[in-house]
Amino acid sequence: MSRVLVTGGSGLVGHSLHKYSDWLFPSSKELDLLDHVSTMRYFDNIRPTIVVHLAARVGGLYRNLNENMEMFHDNMKMNLNIVQACEQYKVTKLIVVLSTCIFPDKCEYPLDESMIHMGPPHHSNEGYAYAKRMLEVQTKLLKNTKTICLIPTNLFGPHDNFDLTTAHVIPALINKAVNNKTFNVLGSGRALRQFLYVEDFANIIHTCVNWEQVNEHELFICAPNEEDEVYIEYVVDIIKNHVGIDEITYDMTCSDGQYKKTASNKKLLETFPNIKFSNFEEKLKDTINWYIK
Ligand code: GFB
């Protein structure tokens, strides 16, 4: 009988997994991943057999630009503790979450799983990117634990972080649109992104938890189809029309971050042909309605 532990259970992705009610979702008070002793004590008591490691210090472009050192430091500490605990308590499967923003900034597109370490990441989030790349290396070195690195594109949905100073683009724009009748888009709006709805990602995680995994170490980019990549200004238009905004301005003094990070879902869909992706515009409107409610 598997005992599934989910770290970071109160966040965007964690919330979408609560429907798997027999899984464990400890709070950071019960399991402080920044504290080695607390982490080992929790694993010793609970003895999980499968770990879904979502907990991270994470944020949008502007948080990363301001907190690269803290991003590296905290994520390295959490990841070291989790991987050591999995080794010591012989966890059978560890699923971790990376991000398509950790890939090299200068590369061929579309991104595929083989490219992660082939060059420096974009300077805007190198702290986060290198910590996540080290997590991929750590998981590969585990001796008795099968590991899966899931690499999502930009996630969005209900229960996201909507704080304007740390949020990703979609919750930030929703917050501004709902709370101000005119609002500022940071940057030109010409960057390209593939947005993954959080419930679709939750389905991928659940599939991996139950997958009879053959290889010791697997990586899967989790992305909607490449042709579903959109400009930020397209997202702005949907939010503007759905909320009924009068005027929008673009603050061209702000960074656009990475221009694009187009990623291929080929390996994921070849391995799990039943994976489906929701309609982006419909789920963006659902997320706005959830925030307004
Ligand atoms: O989601 P986001 O903040 O991060 O998106 P990244 C940034 C893009 O949205 C840039 C535009 O092109 C911004 O110019 N944007 C427009 C805004 N208005 C806003 C706004 O009000 N707030 C924000 N945040 N963006 C992140 C990485 O990159 O991707 C993280 O830094 C993480 O580490 C995440 O991996 C998935 O997509 O640029």
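A pocket is an open set of points on a 1 Å grid over the protein atoms alone, with protein on both sides within 12 Å along at least five of seven lines, and its lining residues have an atom within 4 Å of a point. This is a predicted model, in which local features need pLDDT of at least 70 and side-chain atom pairs count only at pLDDT 80 or more, while totals for chains, interfaces and linings use all residues. Residues are numbered from 1 along each chain as its sequence is written, and side-chain values use heavy atoms, without hydrogens and water.

**View 1. The second largest pocket holds about 220 Å³ of space.** A volume here is the space filled by probe spheres set on the grid points, which are joined across faces, edges and corners. The pocket is lined by 15 residues, and those closest to its centre are P224, D228, S278, N279 and F280. Two or more lining residues come from each of β8 (195–197) and α10 (280–292). Helices (H or I, at least four residues) and strands (E, at least two) are DSSP runs, numbered from the N terminus. By class, the lining has 9 nonpolar, 2 polar and 4 charged residues. Ala, Val, Leu, Ile, Met, Phe, Trp, Tyr, Cys and Pro count as nonpolar, Asp, Glu, Lys and Arg as charged, and the others, Gly among them, as polar.

**View 2. Five strands form an open sheet in the order β1-β2-β3-β4-β9, with parallel pairing.** β1 (4–7) and β9 (217–222) are at the edges with a single partner strand each, so one side of each has no neighbour in the sheet. Two strands pair if DSSP finds at least two bridges between them; β1 and β2 (residues 50–53) are joined by 4 bridges. L5 stands opposite V51 in β2.

**View 3. Side chains alternate along strand β6 (residues 182–186).** Buried means under 20% relative accessible area (1.4 Å probe, protein chains only). β6 pairs with β11 (residues 247–251) in the parallel sense over 5 bridges, and N184 stands opposite T249 in β11.

**View 4. K132 lies in helix α5 (residues 126–141).** K132 is buried, with a relative accessible area of 4%. Not counting residues up to four places away in sequence, K132 touches A56, V97, L98 and I102, where contact means heavy atoms within 4.5 Å.

**View 5. S38 lies in helix α2 (residues 36–46).** S38 is buried, with a relative accessible area of 13%. Leaving aside neighbours within four places in sequence, S38 is in contact with E30, L31 and D32.

How values were computed:
Buried < 20%, exposed > 50% of the residue type's maximum accessible area, 1.4 Å probe, protein only. 1 Å grid on protein atoms, 1.4 Å probe; cavity = no way out; pocket = protein on both sides within 12 Å on 5 of 7 lines; lining within 4 Å.
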